[in-house]
Amino acid sequence: MLPVDAGGACSFRKVGYVYPGSQSRALEGLDLEVARGEWIALLGANGSGKSTFARLCNALLIPTQGDCSVLGLDTRVPANAERIRRGVAMVFQNPENQIVASVVEEETAFGPENLGLPPQEIRARVDQALRVVGLWEKRRAATYALSGGQKQRLALAGALALDPEVLVLDEATAMVDPRGRADFVSLLGRLHRQGKTLIQITHRLEEIVEADRVVVLNGGVKVFDGAPQGLFDLPKEAAAWGLGIPPLVSLRRFLLEKGLIPEQTPPRVEALEGALCP
């Protein structure tokens, strides 16, 4: 049994996982520490092990090799599963699969009600979550009438209403249009500044600029662990791992080579505009 690690959010030590009936490992030898309050972006092409990692984070899956602790609790111990799942909320790529109620505020209340919380606390959590994601004005709207981006924010509101310590977002912007993705990532930034631990699983490099760290999986193996800029500086390797460098990052590199912006200018629209038009 792993010792309790009160300081970390997730700890993976030589973790491997093989699905029943499979001849190959979905993950192999993964070492990864996620600190509380950290924003980790986990990248990789389809089949790289990202979704397997997400399910290991809240004990939906148990490692077939190595040790995994979440919020200081060993995921192999059945008695820890409920505590882990209360502390780790997940938002998946298709919000339709998570929405069970017909009204926005009822959907947001679903999780807290299942926890058996007092009505006053449920009301407070629902109101706060809907305000955070910008759906307060839609609280009495029908869930089916929401746009794709609004449904994704509703799924996030339901997760926030559980007051989790860790948010795992598994391709949470996959069904959202570009404007909706930008708004969603901006919302993640606000949650991060409020102290939430975020594990953002994606294959879109344009979504990772604000993350503290980037981890890339390739064939179930960790091949990169560092700052976003470090990955942006490896275009050939990123392409080999099934990732494409965002146009904005390529534009930044071009402007740097021409001496048109300072070296420290980050790859964000606002920063580039400010450097070019001070």
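Gly 242 is partly exposed, with a relative accessible area of 49%. On this scale, buried means under 20% relative accessible area, exposed means over 50%, and partly exposed lies in between (1.4 Å probe, protein chains only). Gly 242 sits in the loop between helix H8 (235-240) and helix H9 (247-257). Helices (H or I, at least four residues) and strands (E, at least two) are DSSP runs, numbered from the N terminus. The C-alpha atom of Gly 242 is 25 Å from that of Leu 167, and 75 residues separate the two along the chain.

This is a predicted model: local features need pLDDT of at least 70, side-chain atom pairs count only at pLDDT 80 or more, and totals for chains, interfaces and linings use all residues. Residues are numbered from 1 along each chain as its sequence is written, and side-chain values use heavy atoms, with hydrogens and water left out.

Now the whole protein. It has 10 helices and 10 strands. Buried residues make up 50% of its 278 residues. The table gives its overall size.

| Property | Value |
|---|---|
| Radius of gyration of the protein | 20 Å |
| Box filled by the C-alpha atoms, along the principal axes | roughly 60 × 45 × 35 Å |

Next, helix H1 (residues 50-57). Is it mostly covered or mostly open? H1 is mostly covered, with 6 of its 8 residues buried. The buried ones are Lys 50, Thr 52, Phe 53, Ala 54, Leu 56 and Cys 57. Just after H1, Ala 59 takes a positive phi of about 65°.

How many cavities of 30 Å³ or more does a search of the whole structure find? The search finds 1. A cavity is a set of points, on a 1 Å grid over the protein atoms alone, where a 1.4 Å probe fits but cannot get out; lining residues have an atom within 4 Å of a point. Grid points are joined across faces, edges and corners, and a volume is the space filled by probe spheres set on the points. The largest cavity has a volume of about 50 Å³. Its lining includes Leu 169, Phe 184, Gln 200 and Glu 207. Helix H6 (178-193) and strand E8 (197-202) each supply at least two lining residues.

Technical notes
1 Å grid on protein atoms, 1.4 Å probe; cavity = no way out; pocket = protein on both sides within 12 Å on 5 of 7 lines; lining within 4 Å. Rg over C-alpha atoms; globule rule 2.2 N^0.38 Å.
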